[in-house]
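Please look over the sequence and the coordinates shown here before reading the report.

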Amino acid sequence: MKNQLSFLVIASLLLLNACTTMRTSVPVVPEKPAASTVPPASLPMTVLKPADWNALTGWTDDDILPALDTFLRSCAVLKNQPLWQETCSQADTMRGQDSAALRQFFESRFVPHQVLNADGSGDGLITGYYEPLLKGSRKQSKRYRFPLYTTPDELLVIDLGEVYPELKNMRLRGRLQGRKVVPYYSRAEIERNPASLQGKELLWVDDAIDLFFLQIQGSGRVALENGEIVRVGYSDQNGHPYKSVGRLLVERGELPLEKASMQGIKAWGQKNPARLNELLYQNSSFVFFRELPAGVPGPLGSLGVPLTAGRSLAIDPRAVPQGAPVFLATTWPNTDKQLHRLMVAQDTGGAIKGNVRADFFWGFGPEAGDQAGKMRQSGRMWVLMPTGYVPQVQTR
């Protein structure tokens, strides 16, 4: 009976396009699924493998001081977990210490664990995201006509993990139609029939494609006409899967792969305004926002703490524990220049799926957007776990 119920739940999951709960930041052109992302059926898989510190490529090259404050933000959540209590308490005493003392702290209090794919390989895809700035208003006008919506009251969110632990981090999203639960409206349905969300407009902005990429990033800022800057963050999502419009343009032969970046897609939209909506509708995923309190030092990640430019990382929480430090060995966008940095796993993403898979948060503004749009690098990851942690063996 339990197997039958599990089957029905999974079938419903597929029907309603279930997804993880957090932001949808994704690469503009996602990677094709690699064979290593799906392990052989029912074989045990150790995602995190203990390693020596000298195995961390470039560990001694990074100035890890900025990572301490980022990790302490994680500790606001982690300190309530027995595994992290003592480590977070010790980390708090390291404020003001020099780089050498801090490195000694990490090496004595943590054990590095390399993140591995199902086939045992250690290489994966590292992309980037950022916090964009849009121009907007609190009122609709001829110029400001594209709405950011708050979460609609009729959106149903069902946490499957509360009933089936094996479906942890999976949620159904839908709406009631009579007595039936059906998928929530797609992007095309929402934008073609905005009456379904009337009264849920949070702000209005002046550019449809900027709004589209704001949804992909999951958070951003909106400069209002009166000079006020409003920070908005991810609230929820319609439950439909993300589909890369960049990949579509490549498949159609309208953009070469090397130009299928955020910048390239924007340029295509400017040249093809009459075809823009048709393209954007192909990504049926749609994000709802909330206004964040003034003074928040950064966009809020899925861990619930502000992100830090150049130090926060979005990961797949099925492989990497949220809040943990992660040492990343990759290269700078579109170069072979080494980028070795101690990061902290504080966010997730709708298309950040796979063990060795991460999204690098570049921060706010045009320069951050340029780096994020270009980033599509190979990389390796080591999670730093407190001494005494025992890696779990997973069966999928």
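The report below covers aromatic pairs, charges over rings, the disulfide and one proline.

## Basis of the values

This is a predicted model, in which local features need pLDDT of at least 70 and side-chain atom pairs count only at pLDDT 80 or more, while totals for chains, interfaces and linings use all residues. Residues are numbered from 1 along each chain as its sequence is written, and side-chain values use heavy atoms, with hydrogens and water left out.

## Aromatic pairs

The structure holds 18 aromatic pairs, where rings of Phe, Tyr and Trp (its six-membered ring) pair if their centres lie within 6.5 Å, and planes under 30 degrees apart count as stacked, over 60 as edge-to-face and the rest as tilted. One of these is the edge-to-face pair of Phe71 and Phe110, with 5.9 Å centre to centre and 75° between the planes. This pair links distant parts of the chain, since Phe71 belongs to helix α2 (residues 65-78) and Phe110 to strand β3 (residues 110-115), 39 residues apart; helices (H or I, at least four residues) and strands (E, at least two) are DSSP runs, numbered from the N terminus. Both Phe71 and Phe110 are buried, a term that means under 20% relative accessible area, against exposed over 50% and partly exposed in between (1.4 Å probe, protein chains only).

Tyr184 and Phe288 form another edge-to-face pair, at 6.2 Å centre to centre and with 85° between the planes. Here the distant parts of the chain are the loop between β9 (180-182) and α5 (187-192), which holds Tyr184, and strand β13 (residues 287-291), which holds Phe288, 104 residues apart. Tyr184 and Phe288 are both buried. Ring pairs also join Phe71, Trp84, Phe105, Phe106 and Phe110 into a cluster.

## Charges over rings

The charged end of Arg103 sits over the ring of Trp59, 5.3 Å from its centre, the criterion being NZ of Lys or CZ of Arg within 6 Å of the ring centre and within 35 degrees of the ring normal. Arg221 lies over the face of Phe364, 3.6 Å from the ring centre.

## The disulfide

The one disulfide of the structure joins Cys75 to Cys88, with 2.2 Å from S to S, the cut-off for a pair of cysteine sulfur atoms being within 2.5 Å. This pair links Cys75 in helix α2 with Cys88 in helix α3 (residues 82-92), 13 residues apart. The link of Cys75 and Cys88 is left-handed, with -85° about the S-S bond, and both Cys75 and Cys88 are buried.

## Pro147

Pro147 lies in strand β6 (residues 146-149) and counts as buried because its relative accessibility is 15%. Leaving aside neighbours within four places in sequence, Pro147 is in contact (heavy atoms within 4.5 Å) with Glu201, Leu203, Trp204 and Leu211. The C-alpha atoms of Pro147 and Leu211 are separated by 8.4 Å, with the two residues 64 residues apart along the chain.
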